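Here is a friendly walk through a model, one region at a time. Keep the structure open beside you as you read.

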Amino acid sequence: MRKLTRFTTLSLSLSLCGRILLGLSAATAATFAVSPVVLAAPKASKSIAVHVEGPNADAIRDDILALVPKTLEVVEPAAFSKALKGAGQTKPVGDAVVMKALRKKAIDRIRKAGKTVKAEGVIYGVSRTNKKKKKEVYLVYVDENAGDLAVDGAVPLGGSDDDRKKALEDLLGPTLAQIAPPPADEKKKDGGGDGEGEGGEGEGEDGGDGDGEEKADGGNDDGGPARQRNDVRSALFSVELGVEFVGRWFDYSDPLSQNLRPYGVFGQPALSISGELYPLAGTNIAVLKGLGITAGYARALGLNSAVGDGDPLSTTYQRINLGLRERLTLGESTVLGISAGLRFVTFEIDAPDALARTVPNVDYTIFRAGLDARIPAGPVALALGADYLMPLSSGPVYDRFTGASVQGIGATAGVLVPVAKGIEARLLVEYARFFSSFQPELTDNYAAGGATDQYLGIRLAGAYIY
């Protein structure tokens, strides 16, 4: 009868997983079916704002405008100034832009004003006299992306006009060239739109170098901002491979019979692999662009158990995760995840019949719902998470008791260290606790008030983020 119950539970679990994944597929298909115009829309034109404050601001701004490619539109100064005031910057920014430790609020307001006027970015300059009594204009380029600013430096104003223009071009030119649409876009609009003429071939050869490092395949054909490659906020997929040191502790509370055997093990090595896939990350479809499929597998290597000095007993410990995760960006760089899915946990000791009736074998099928967060902390990031675990089936150890009720919670914490572009090292600690209560009767062979089943994993892993 037990085999039938396990088979039925597994069938229901797989059916639930299938329905979740089919729901994602159906939602995606429906979106493409009802919104073909949105998905096939041409690329939006790009614009920037240029704002300079301080002595000779107008002349400096004119020099900067002379460097702006013709394919970039420039926001009207009055419109940006109004947006800047609306963002809360009612006074000149001044040296606050220069002092990196104190400029966060000013940069946030500039970024907010840029979004208000729908600019790709903002070139913001402060004309001033520095501590060495030299005149300079300090320039930053502020866009919607968090992290280091693409332009963050000073241009001397004491030399000739040509020297100043050359210094401005050296500082701003690479960034302007990167964000400006290529002239081939204009040729296409004028009549080369079939992509088979010389203009189409030229863009195919040159455009690959321009987009290949920073944008995912497809760029921003949906009219939204391009997906940034190797950025956890918009990654198409990520893969993690690691070694985990696992532990398990099972114990009874208020034991009433003498045939209840606790269990404990720690430090057993296991291999783990996990991944996330966001099929619509390269689009600009609300909700769906952040919706991903998650999967993971871990298995202990060479695990044996024993009673006292008895013979070692082969033991299986494995964990499978399947689910969906919605990825959200909070502020500039904090990533919040909302997830749900199924977890399968097996811990089975291959014991002889008499002993098998006392060992705490489990075969959990668990519905899991959780929150997780990735929070930047200097050069690294902190990983935090919490799960609610609801066992749909629990396994042999609980079948021995009358009125068994099992619930669970989980938690994750760790440090994520960038190693190279798209690659990071991870140190993660995962904990899960299942707590159960029983309703023993006088005629029961196995009697206790309840039990706790705890799992701890310390994982060292490497991850690739695309």
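Val243 stands opposite Leu271 in β7. Strands here are DSSP runs of E with at least two residues, helices are runs of H or I with at least four, and both are numbered from the N terminus. Two strands count as paired if DSSP finds at least two bridges between them.

Residues are numbered from 1 along each chain as its sequence is written, and side-chain values use heavy atoms, with hydrogens and water left out.

The pLDDT, the predictor's confidence in each residue from 0 to 100, averages 84 over the protein chain, and 81% of the residues score at least 70. Residues 1–7 stay under 50, and the model gives them 5 contacts beyond four places in sequence. Over residues 189–224 the pLDDT is also below 50, with 42 contacts beyond near neighbours in sequence. Where pLDDT is low, the predicted coordinates should not be read in detail. Contact means heavy atoms within 4.5 Å.

## The five-stranded sheet

An open sheet of 5 strands runs in the order β2-β1-β3-β4-β5, with mixed pairing. β2 (73–74) and β5 (151–156) are at the edges with a single partner strand each, so one side of each has no neighbour in the sheet. Within the sheet, β1 (residues 47–53) and β3 (residues 121–129) run parallel and share 6 bridges; Ile48 stands opposite Gly121 in β3.

Helix α6 (residues 161–179) packs on this sheet, touching β1, β3, β4 (135–143) and β5, and its direction makes about 160 degrees with that of β5. Angles run from 0 to 180 degrees between N-to-C directions, with axes fitted as lines to C-alpha atoms, for helices over the stretch in contact.

Helix α4 (residues 77–86) lies across β1 and β3, at about 75 degrees to β1. Phe80, Ala83 and Leu84 are its buried residues, where buried means under 20% relative accessible area, exposed over 50% and partly exposed in between (1.4 Å probe, protein chains only). Seen down the axis, they fall within an arc of 105 degrees, so they line one face of α4; the arc is taken from the directions from the helix axis to the C-beta atoms.

Those buried residues pack against β1, α5 (104–116) and β3. The face turned away carries the exposed residues Ala78, Lys82, Lys85 and Gly86. Gly88 follows α4 and has a positive phi, near 105 degrees.

## Nonpolar cores

Which residues touch the most other members of the largest nonpolar core? Among its 32 residues, they are Tyr252, Tyr317, Phe347, Tyr364, Tyr398, Phe434 and Tyr455. A second, separate core of 21 residues includes Ala83, Ala106, Val117 and Ala119. A nonpolar core is a set of buried Ala, Val, Leu, Ile, Met, Phe, Trp, Tyr and Cys residues joined through side-chain atoms within 4.5 Å.

Terms used:
This is a predicted model: local features need pLDDT of at least 70, side-chain atom pairs count only at pLDDT 80 or more; totals for chains, interfaces and linings use all residues.
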